[in-house]
Amino acid sequence: RRTEAAGRRTRRLKRGVLHGRSGGPVRAFLFGASRTMPPIGPAWLTEGVQVEVTMTEEGLLSSRYIATVLEIKSDKAHIEFRDFNEEAEDGSEGEKLLCEWEPFDKLRPLPPPPPSGFFSKLKLGSPLEMDFEDGWWEVLLVGAAERTAELPKYIVEARRYKVRHIVPAASLRPAWKWVAAACSWEMHTEAPPPPDVPKKKK
């Protein structure tokens, strides 16, 4: 998929030979011992792993999209988005998936599923993330549309974009926060302060 906002950010990338990083042993003459190269980046971040990328572009701000890590170098990772395509020369959606270099602080592992009984404990104002157009977006619970046991639906609001959606539980998940220092997950239960919404120019 390629949204209008995503189209503005794509760039043509050559998918040629990747510059691999050396992971072989390096001889060190310190005390006559040999050492190996230290790992690059967080321990969980390896080539081939799927990650979520925090988007910072207008129209996609604070949403998260899935990508696969192709290469790791210095403080960045070369990733291939699952749901964005490169832009063709004529401005249309190309056939190749979009590849970009992203800093480590914009990447996180795929979060775990909601814990048992999560939805039964929700209350108005609970922060959540909603599956929308192949990405996950920050929302707040503002009401219940249906209370049927078979398919309960919830009313959520994306405050940053001032829109509401009615979605089933399958399209929602906890507002997970990845704590990089502890290499663990935390679940937000209190609503964050209102985001800064850019004012439209007159």
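This is a chat about one predicted model, starting with a serine and moving on to a pocket and some aromatic rings.

Trainee: Hi! What should I know before I look?

Mentor: It is a predicted model, where local features need pLDDT of at least 70, side-chain atom pairs count only at pLDDT 80 or more, and totals for chains, interfaces and linings use all residues. Residues are numbered from 1 along each chain as its sequence is written, and side-chain values use heavy atoms, with hydrogens and water left out.

Trainee: Thanks. Where does Ser126 lie?

Mentor: Ser126 sits in the loop between strand S7 (107-109) and strand S8 (127-132). Strands here are DSSP runs (E, at least two residues), numbered from the N terminus.

Trainee: Is Ser126 buried or exposed?

Mentor: Buried, because its relative accessible area is 7%; the buried class means under 20%, exposed is over 50% and partly exposed is in between, using a 1.4 Å probe and protein chains only.

Trainee: And which residues is Ser126 in contact with, leaving aside neighbours within four places in sequence?

Mentor: Those are Val139, Leu140, Leu141 and Thr189, where contact means heavy atoms within 4.5 Å. Also, a polar atom of the Ser126 side chain lies 2.7 Å from the backbone oxygen of Lys123.

Trainee: New topic: which residues lie nearest the centre of the largest pocket?

Mentor: Ser62, Glu138, Val139, Arg160 and Pro192, out of 23 lining residues. A pocket is an open set of points on a 1 Å grid over the protein atoms alone, where a 1.4 Å probe fits, with protein on both sides within 12 Å along at least five of seven lines; lining residues have an atom within 4 Å of a point.

Trainee: Which strand gives the largest share of that lining?

Mentor: S9, with four residues.

Trainee: Which residues form one aromatic cluster?

Mentor: Tyr65, Phe81, Phe84, Phe132, Trp137 and Tyr161.

Note on methods: Polar contact = N/O pair within 3.5 Å; in protein donor to acceptor, adjacent residues only side chain to side chain. Phe/Tyr/Trp six-rings, centres within 6.5 Å; stacked < 30°, edge-to-face > 60°.
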